[in-house]
Amino acid sequence: MKLEFVIGVTGHRDISVDDNTYVKESFKNYILNINKSHPNIIIRVLTGLAVGADRLVAAEILELNNPHILCTGVLPLKASEYLNDFDEGEKKEFQELLRLFKERSFEIVELTENSSRPECYQNLGTYILNKSDVLVSIWDMNKVEGLGGTYDITRLAYDNNSYTKANDFYGYEKKPVYVIPCNRENKNSLKFERQPGYLINIEDKCLGKEPNSLIFTLSQLSSFQDEISNYDLKTAQIYAPTEQLDSYISSDADRLSKYFGVFDLLANQSQKKVNFFHISLAYLTFFIACTFLVYAKLFPEKFILGLYLGLFVFGFTSFKLLTPNKRKEDYALFRLISESLRLEFFMIQSGVVDSLGNKSISTFLNTRGSKFDQAIKSVLRQASTLGGTSKSKENAKEALLDWFLNQHSYYKKSYSRLHNKHHKIEKLVKASIYLPIILLSIVLFPSIYYSLKSIFILGVSGKVWAVFISALIPVIGLVFEQLALNSSIKEHMQFSFQKVIFLENVIKKINSLPDDSSYDEIAMIASQELSEEHNLWLNITNMKTLTTAHGG
């Protein structure tokens, strides 16, 4: 599976003929620079195939014939109706493009929302904004009001009205808009140098360099792809977002299920590595502390002190090379993405997300200013780019109950398992506190004290051995407590308990409503609440770093 970087295109129909070559060259340079910097990901361009900018872009991609640069035609209405918007020459050009797209296996998405013509074009703009990582605007830099026009779509991308406003307070950056300034037929020419760039200020028409958030998003997508390439997806254990996948038949279901399975695999593999690091750290902590106790209480030899220092150097070097904290972050990140994809799957299948991508998880997921914000949303957007369809709301109740009952069962089992584990560790830690007290109290009895002093094992008196054991027992308790702390067992247990209560009430609410009710509000609230847990977990993971010094 290849991850994608999705570029949406908006532009004028009446671009000056003299500017055609300049526009095509500017766009070609833009996408080739991205392809050169990140050759392991696919660049997918969304274009409406209208006359002018849309077709110039489509023609350029067809001419490039680059397997890593694909194009999807997004039609504002059915192709047969869309033809009526063109004259005879434009119709032939459109039909030829459709033929070439079919020949190259480029997808065509038809938006079939019943609307007036201006609303159809606005729907096209909405779809492109909801599904793209960056908008390329081939614009004459003039503010011409018009529903679904180039300026309208450019302004919507710049204002970013569809996103959660809370993100603004966390330093969230808006959708990047790359502007290729152009002249139009029978219009006033641009009064300044035509240098493409990213839109910095729409009022002052100021263009600038590539934003850091976009640079990081591309880098992160490339990193994700490298991680995916480590596994043979044909033989790997891939799970679906639901056991009843066969009952969900649509292009969205297939594509989303594939994306979920891959990122769930990455999360599971990362979890195994994280568990290995947690156990290794626990053993290393134990050996470091035990070696020091042996040196301090039993055998104050130089080679034992050297072994003690050697263990510290080994631990420090190993952790520097193996980067366990990066693996912890990867696990939390992949789990957040996979579970968000599961949410998106059911939001689409229950009809909450419409065919334009409105109410998608990617439009309201609040990642609290995380550096991964745009990379996470990029994966969510591209996971359903090709579908353009949603399951009928007639089956919304069944889809939502399938979702919530499965999640409830998962969290209930998780809570039970974590509660038992937490209870056992608590018992062990308490025992590690009380046992040394009992042991030392027994040693203090005069008869036992003098008896132990007269017994020698490996040249060390029994009294010293007793003190050594009483010091070692709390270390064992500490190691188990540290393992529980690093694994965040208590936090996971509390999260699971909260979600069990939440989902029980959600299921009761859904069952109490008539079958013909709208479940959109419940689904939105539930998806926000369920996504918040993994979002919060990513932040907690970044705060709880692993280090061998914990046991020192």
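Predicted model: local features only at pLDDT ≥ 70, side-chain atom pairs only at ≥ 80, totals over all residues.
**Figure 1. Helices α1 and α2 are oblique to each other.** Residues are numbered from 1 along each chain as its sequence is written, and side-chain values use heavy atoms, with hydrogens and water left out. Helix α1 (residues 20–37) packs against helix α2 (residues 53–64) at an angle of about 55°, and their axes are 10 Å apart; axes are lines fitted to C-alpha atoms over the stretch in contact, and angles run from 0 to 180 degrees between N-to-C directions. Contact (heavy atoms within 4.5 Å) is made by N20, V23, K24, F27, K28, I31 and L32 of α1 and by L56, V57, A59, E60, I61, E63 and L64 of α2.

**Figure 2. The buried residues of helix α10 line one face of the helix.** Helices are DSSP runs of H or I with at least four residues, numbered from the N terminus. Buried (under 20% relative accessible area, 1.4 Å probe, protein chains only) are I304, Y308, L311, G315, S318 and F319 of α10, and these residues fall within an arc of 100° when seen down the helix axis, the arc being that of the directions from the axis to the C-beta atoms. The face turned away from this buried side carries K302, F303, V313, F316, K320 and L321, which are exposed (over 50%).

**Figure 3. Helix α10 is followed by T323.** The phi of T323 is positive, near 45°.

Key: Helix = DSSP H or I, 4+ residues; strand = E, 2+ residues; numbered from the N terminus. Parallel < 35°, antiparallel > 145°, perpendicular 65-115°, else oblique.
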